[in-house]
Amino acid sequence: MKFIDEYRDADTAQDYARAIADLTTRPWTIMEICGGQTHSIVKYGIDELLPNKITLIHGPGCPVCVTPISLIDQAIEVAANSEVIFCSFGDMLRVPGTEKDLLSVKANGGDVRIVYSPTDCLKIAKENSDKEVVFFGVGFETTAPATAMAVYQAHQQNLKNFSMLVSHVLVPPAMKALLSSPQSRVQGFLAAGHVCTVMGYTEYEPIAAKYHIPIVVTGFEPVDILQGIYLCIKQLEENRAEVENQYARSVRRQGNQTAQNLIQEVFKIVPRQWRGIGEIDESGLGLREKYAQFDATSRFNLFHIQSQESSECISGAIMQGVKKPHECPAFGTKCTPEHPLGAPMVSSEGACAAYYRYRQQTVLMV
């Protein structure tokens with residue numbers, strides 16, 4: 001299959017692993033930002049192909065994982081309202097709030113529906129004019145255009161019974177926050193290819209220059225990731241700090257201008273809370289005043305719900321690359337996919353879920 005098989009070819013992967021070993025003279029620590037990349041690294045054992053001098057650490061690039069617990073509790077409150085049809089991507093249903101999750105609301109009779117596109121909610125709203133339809137809008141720049149389109153169309157169609165909880169977050173401010181932390185070990189980044197497909201990579205160039213750190217826009221298949229690591233190590237060994245594009249089959253420097261214009265039309269930049277990390281300035285998207293009538297937080301007066309995260313879950317340290325999932329005392333014991341303490345154990349892009357799924361026996365025996 002074109003663009004799949006060649007990027008999963010074992011011989012090519014081994015060639016890159018040998019080239020990386022030949023190139024590496026010193027210890028280096030590289031962070032892959034995206035949770036999808038983390039899953040590929042753990043699933044295919046990419047980290048185990050690398051020389052011991054290279055350490056891969058996992059970043060905050062899982063949109064479900066970084067959604068703050070206050071917003072989960074707000075979603076649960078709205079979903080439990082008998083006058084509401086609550087719509088979400090499937091990943092969000094098992095993310096734990098303070099006391100329960102959306103799946104338990106559904107089990108108790110709440111009308112909680114999984115949708116595959118935010119615009120599906122508009123059809124549901126038209127067909128159920130006696131109900132309020134609420135969409136849980138989470139994600140990075142990758143999903144923001146689809147959310148923006150739903151709001152734009154709802155405005156055009158003058159829909160009165162549709163709103164959304166918005167928790168879109170932006171990658172570059174999170175990278176800057178990580179690099180500004182005294183705990184940071186990051187010496188190079190693998191940037192998320194799908195985010196850059198939408199936004200391009202011009203935003204990364206000032207970051208690479210300011211922090212003197214190489215950033216390689218990278219895809220998600222094993223050969224993609226090994227090639228991204230190779231390019232990153234090559235820069236580090238040559239004392240360069242540039243933005244390179246490994247994922248050229250999908251990413252252009254300026255990104256998708258139509259999608260960016262739609263985001264600009266509907267959203268404005270706001271500060272945003274990140275679960276386990278805290279507030280990061282200018283790291284979120286909020287609805288512009290023109291579209292404020294679609295803000296479920298105001299419509300359902302949810303401002304009073306401000307929850308505290310569990311002190312047992314160290315997801316913040318994991319998503320900042322300070323700890324690895326199996327270094328959490330609760331990993332695989334008090335925290336499992338059946339009984340998660342935090343979102344990284346149940347999200348399909350969560351680092352803890354990746355280690356539990358692919359390395360459970362290995363890490364528990366260490």
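Predicted model: local features only at pLDDT ≥ 70, side-chain atom pairs only at ≥ 80, totals over all residues.
Some ground rules. Local features need pLDDT of at least 70, side-chain atom pairs count only at pLDDT 80 or more, and totals for chains, interfaces and linings use all residues. Residues are numbered from 1 along each chain as its sequence is written, and side-chain values use heavy atoms, with hydrogens and water left out.

Two packed helices are described by the angle between their axes and the distance between the axes. Helices here are DSSP runs (H or I, at least four residues), numbered from the N terminus. Axes are lines fitted to C-alpha atoms over the stretch in contact, and angles run from 0 to 180 degrees between N-to-C directions.

Pair one: α1, residues 10–23, and α12, residues 222–237. Their axes come within 9 Å and cross at roughly 15 degrees. So α1 and α12 are roughly parallel (under 35 degrees; over 145 is roughly antiparallel, 65 to 115 roughly perpendicular, the rest oblique). Their crossing is left-handed, meaning the near helix is turned anticlockwise from the far one by less than a right angle.

Which residues of α1 meet α12? Thr12, Ala13, Tyr16, Ala19, Ile20 and Leu23. Contact means heavy atoms within 4.5 Å. Their partners in α12 include Val223, Leu226 and Tyr230.

Pair two: α8, residues 144–156, and α13, residues 257–266. The angle is about 55 degrees, with axes 9 Å apart. Therefore α8 and α13 are oblique to each other. This crossing of α8 and α13 is left-handed. On the α8 side, Ala144, Pro145 and Met149 are among the contact residues; on α13, Leu262 and Ile263 are among them.
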